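Please look through the sequence and the model below before reading on. The briefing that follows takes up strands, aromatic rings and cavities in turn.

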Amino acid sequence: MARGWLLARCVLAALAGALTYTAYAPFGWWPAAIAGMGLLYAALSPWPRGKRLTLGKAAWVAFVHALCLYLLLLPWIGEMVGAFPYIALAVFLALYALLLGAGGAALARWRYGFVAFPLWYAAVEVLRSSVPFGGFSWVRLAWSQVEGPLAHLMPWGGAVVVTAATVLVGTSIAALIGTLVGVPRAEKARGQALPRFRATAAAGAIVPLAAAMVATMTATASGPDGSSSHHVGEVRAAAVQGNVPRMGLDFNAQRRAVLANHARVTEELAEAEPDLDLVFWPENSSDVNPFADDSAMAMIQKAARRVAAPVLVGTLTRDHVGDRNTMQVFDADGQPGEYHHKKYLQPFGETMPWRDFFAHFSDFVDLAGDFQPGNGPGVVHMAGIPVGVATCYEVSFDDAFRTSVANGAQILTSPTNNATFGFSDMTYQQLAMSRMRAMETDRAVVVAATSGVSAIVHPDGSVTQQSRIFEPKFLAEDLPLRDSLTPAVRFGHTLQVILLILGVGLTAAAVWTTSWKGRVLSRLRK
């Protein structure tokens with residue numbers, strides 16, 4: 001019978017993972033993440049009749065949830081390297097859920113554990129997004145809320161707050177439903193405890209959504225920083241999507257064709273838009289280093305002069321440190337300006353940790369680059385305008401755009417190269433992150449992709465223009481320049497530390513009081 005209930009919990013956890021997946025782009029069914037979190041908490045809770053799940057078994061229940069979620073969310077990785085590395089990554093990421101499940105089951109034994117569980121979930125998510133090798137923040141729960149009201153909490157606390165709020169709504173609804181389908185004996189014996197419990201659960205479900213609504217109205221009225229005016233100007237900016245000759249890894253062997261495509265679309269842009277201020281090319285739009293190849297330099301300079309505006313070009317450079325993934329400014333006269341070396345490099349892609357060790361297991365190690373990270377301010381100046389840059393994978397990291405804005409960026413760009421991932425969900429998932437970052441920083445974001453999806457994102461996260469995948473396209477629009485500093489930019493890191501301390505502290509207390517305390521006391525008595 002016990003095995004039957006454990007199997008039921010695993011099935012419930014798997015369903016929770018599948019539901020949560022549908023909340024992410026391109027589906028964007030944001031309530032599904034709330035439902036998924038509620039089902040996960042239910043799977044970890046004491047039932048039936050208050051029967052506790054051991055922490056070890058709870059760890060595996062949560063593992064099933066995470067594995068189901070990541071196997072559905074990350075198959076785009078297999079577009080580049082095949083099924084085995086993609087499955088291995090999904091399994092590795094799911095291992096963090098072992099901690100989530102064990103701690104979550106201990107918290108679920110508390111009457112009001114549903115309030116603490118979101119903090120523990122956020123703590124485990126931050127751990128997964130930080131270590132090892134810089135972590136993998138691509139799968140944060142916050143990204144699933146881009147279409148929902150909770151996304152408007154981004155400027156007030158960043159992704160960690162949106163994640164915690166999403167989980168809190170889900171666990172509170174689960175706790176409330178739990179009192180309706182079966183009241184625990186302990187609650188019956190307490191008389192007035194049940195009404196208080198239900199009131200708390202109702203508040204947990206309603207307050208985050210209400211706070212998000214208030215945040216939306218406040219931002220509309222006065223700006224996330226509390227100022228009445230944070231506009232400092234306007235620019236006409238454009239994203240150029242030149243497209244690649246063919247899909248797949250072999251596009252890298254056709255580097256000059258990719259560069260020529262972007263130069264050609266820029267000439268078309270110059271014909272259609274004679275009064276541009278800023279032009280953004282994607283990451284890897286010139287995989288030929290223009291500082292080492294005269295013909296590449298001439299092609300880029302001609303495009304910049306033709307469009308009569310500074311152009312930010314994604315290229316590969318090399319200095320005394322090593323190879324760099326670089327976004328290089330070329331001024332309107334074609335002369336090189338400032339640059340941004342990508343700081344947050346993709347492990348097992350742009351870099352290869354423990355290369356010799358992993359070479360024993362797969363030949364794919366040879367495909368990984370050996371790029372060196374930058375350490376700049378995350379800002380380049382184009383015609384005197386401070387532009388924040390987060391190249392591709394960098395957009396998933398909190399500090400990327402926060403650093404840019406803290407260093408004066410008034411508009412942001414996220415140049416990216418998604419060509420190797422075909423028509424997969426990857427590019428839509430990344431666009432959702434750019435939209436969330438726009439809300440977090442109160443800045444417009446220009447997304448320029450080699451093969452799509454390119455987009456124009458306004459500070460409220462709305463997309464006004466968007467390209468299709470694998471089409472030559474340019475997007476141009478008047479966008480605001482802003483100098484506000486949102487609470488997330490100012491205090492986001494501090495707030496995250498506070499939430500992590502609370503989450504870890506409450507979970508440790510739950511494990512102590514529900515599992516370890518009795519064992520320790522019994523041994524002391526002996």
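In what sense do S4 and strand S5 (residues 336-341) pair, and over how many bridges? S4 and S5 pair in the antiparallel sense over four bridges, where two strands pair if DSSP finds at least two bridges between them. This is a predicted model, in which local features need pLDDT of at least 70 and side-chain atom pairs count only at pLDDT 80 or more, while totals for chains, interfaces and linings use all residues. Residues are numbered from 1 along each chain as its sequence is written, and side-chain values use heavy atoms, with hydrogens and water left out.

**Strands**

- Helices (H or I, at least four residues) and strands (E, at least two) are DSSP runs, numbered from the N terminus.
- In strand S4 (residues 323-330), seven of the eight residues are buried (under 20% relative accessible area, with exposed meaning over 50% and partly exposed in between, for a 1.4 Å probe and protein chains only), so S4 is largely enclosed by the rest of the structure.
- Strand S3 (residues 311-318) pairs with S4 in the antiparallel sense over eight bridges, and Arg318 stands opposite Asp323 in S4.
- The hairpin of S3 and S4 has four residues between the strands, and in this hairpin Gly322 takes a positive phi near 145°.
- S4 also forms a hairpin with S5, with five residues between them, and Gly334 in the turn has a positive phi of about 90°.
- Thr326 has His341 in S5 as its bridge partner.

**Aromatic rings**

- A pair of aromatic rings is described by the distance of the centres and the angle of the planes.
- The structure holds 16 aromatic pairs, counted for rings of Phe, Tyr and Trp (its six-membered ring) with centres within 6.5 Å, where planes under 30 degrees apart count as stacked, over 60 as edge-to-face and the rest as tilted.
- The pair of Trp76 and Trp138 is tilted, because the ring centres are 5.2 Å apart and the planes stand at 45°.
- This pair links distant parts of the chain, 62 residues apart, with Trp76 in the loop between H3 and helix H4 (78-81) and Trp138 in the loop between H6 and helix H7 (154-157).
- Trp76 is buried, with a relative accessible area of 5%, and Trp138 is buried as well, with a relative accessible area of 3%.
- Tyr112 and Phe114 also form a tilted pair, with ring centres 6.3 Å apart and planes at 45°; Tyr112 is partly exposed at a relative accessible area of 32%, whereas Phe114 counts as buried at 0% relative accessibility.
- Phe136, Tyr344, Tyr393 and Phe397 form one aromatic cluster.

**Cavities**

- The structure holds two cavities of 30 Å³ or more, where a cavity is a set of points, on a 1 Å grid over the protein atoms alone, at which a 1.4 Å probe fits but cannot get out, and lining residues have an atom within 4 Å of a point.
- The largest cavity has a volume of about 90 Å³, and helix H3 (55-73), helix H5 (83-108) and helix H6 (113-128) each supply at least two residues of its lining.
- Among the residues that line the largest cavity are His65, Tyr96, Glu125 and Arg128.
- The second largest cavity has a volume of about 40 Å³, and the largest share of its lining, three residues, comes from helix H15 (residues 426-441).
- Residues lining the second largest cavity include Trp138, Trp143 and Met433.

Note on methods: 1 Å grid on protein atoms, 1.4 Å probe; cavity = no way out; pocket = protein on both sides within 12 Å on 5 of 7 lines; lining within 4 Å. Points joined across faces, edges and corners; volume = space filled by probe spheres on them.
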